[in-house]
Amino acid sequence: MCWGVGIPVIYLRVFPWPAKRMAAMTVRVGDRSAILLGRDSEYPAPVAFYLAHEMGHIGLDHLSPGEAIVNIDPPEGALEPADEEEDAADRFALELLTGRPGLEVSEAENSAAASPGGLANVVRQEGPRLHIEPGTLALCFGYSTQNWEAAFGALKAIYTTPAPAWEAVNRLAVSQLQLDSIPQDASRFLAAVLGAPVD
Ligand SMILES: [Zn+2]
């Protein structure tokens, strides 16, 4: 969808500065925006959230030309009052992924503590009914209850074949970029940044 509306999305396999904890960032160059993902996952749901959050910064017009917003995970100074634009980008992401800007997912009263397997079963059943991807629903549960152990454990059961998200994202990027129409130095640099994924 991002490439379709002219927003390039790539995974950085080489970091331009020592920011290993960067989850994702959005940069604006002229009137174009691009999303650079940093934190990889074997599962699509966490990456979908990082991406949707960055789409929020673009969609809500948080960037001026030449500006960049870097999102560190976990957020710097999590005890500080949350930044208004960060909150807005989170709500945008939640609404994009679930259809609801605020979604609380918790255990029913009197139910046993959620186990990873139990949560996986519930979200696989309820996700399609609610039109929410099951992994995303499991992460919503983690966020609402802070039971991240069950949420991340459930991801393992939901996605039976884990695969690094960066490979799929950069394979798509390579198919969209016209690497042979830019100078060789630039295309070599870009291939290195993209981790030179094979088709
Ligand atoms: Zn942000």
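Modeller: Start with a definition: two residues are in contact if their C-beta atoms, placed from the backbone, lie within 7 Å. Keep in mind that this is a predicted model.

Now take helix α4, residues 134–145, and helix α5, residues 148–158. Their axes come within 8 Å. They cross at roughly 170 degrees. Angles over 145 degrees count as roughly antiparallel, so α4 is roughly antiparallel to α5.

Which residues of α4 and α5 meet? From α4 come Pro134, Gly135, Ala138, Leu139, Phe141 and Gly142. From α5 come Trp148, Ala151, Ala154, Leu155 and Ile158. Sort the residues of this contact by type: 9 are nonpolar, 2 are polar and none is charged.

Next, the sheet. It is open and has 4 strands, in the order β1-β3-β2-β4. The pairing is mixed. Strands β1 (9–11) and β4 (68–72) are the edges, and each pairs on one side only. From one strand to the next, the twist averages 15 degrees.

Look at β2, residues 22–29, and β3, residues 32–37. They run antiparallel, and 6 bridges join them. For example, threonine 26 has isoleucine 35 in β3 as its bridge partner.

Helices pack on this sheet too. Helix α1 (residues 44–59) touches β1, β2, β3 and β4. The direction of α1 makes about 30 degrees with that of β2. Helix α6 (residues 165–176) packs on the sheet as well, touching β1 and β3. The direction of α6 makes about 135 degrees with that of β1.

Note on methods:
Residues are numbered from 1 along each chain as its sequence is written. This is a predicted model: local features need pLDDT of at least 70, side-chain atom pairs count only at pLDDT 80 or more; totals for chains, interfaces and linings use all residues. Two strands pair if DSSP finds at least two bridges between them. Helices (H or I, at least four residues) and strands (E, at least two) are DSSP runs, numbered from the N terminus. Axes are lines fitted to C-alpha atoms, for helices over the stretch in contact, and angles run from 0 to 180 degrees between N-to-C directions. Angles under 35 degrees count as roughly parallel, over 145 as roughly antiparallel, 65 to 115 as roughly perpendicular and the rest as oblique. Ala, Val, Leu, Ile, Met, Phe, Trp, Tyr, Cys and Pro count as nonpolar, Asp, Glu, Lys and Arg as charged, and the others, Gly among them, as polar.
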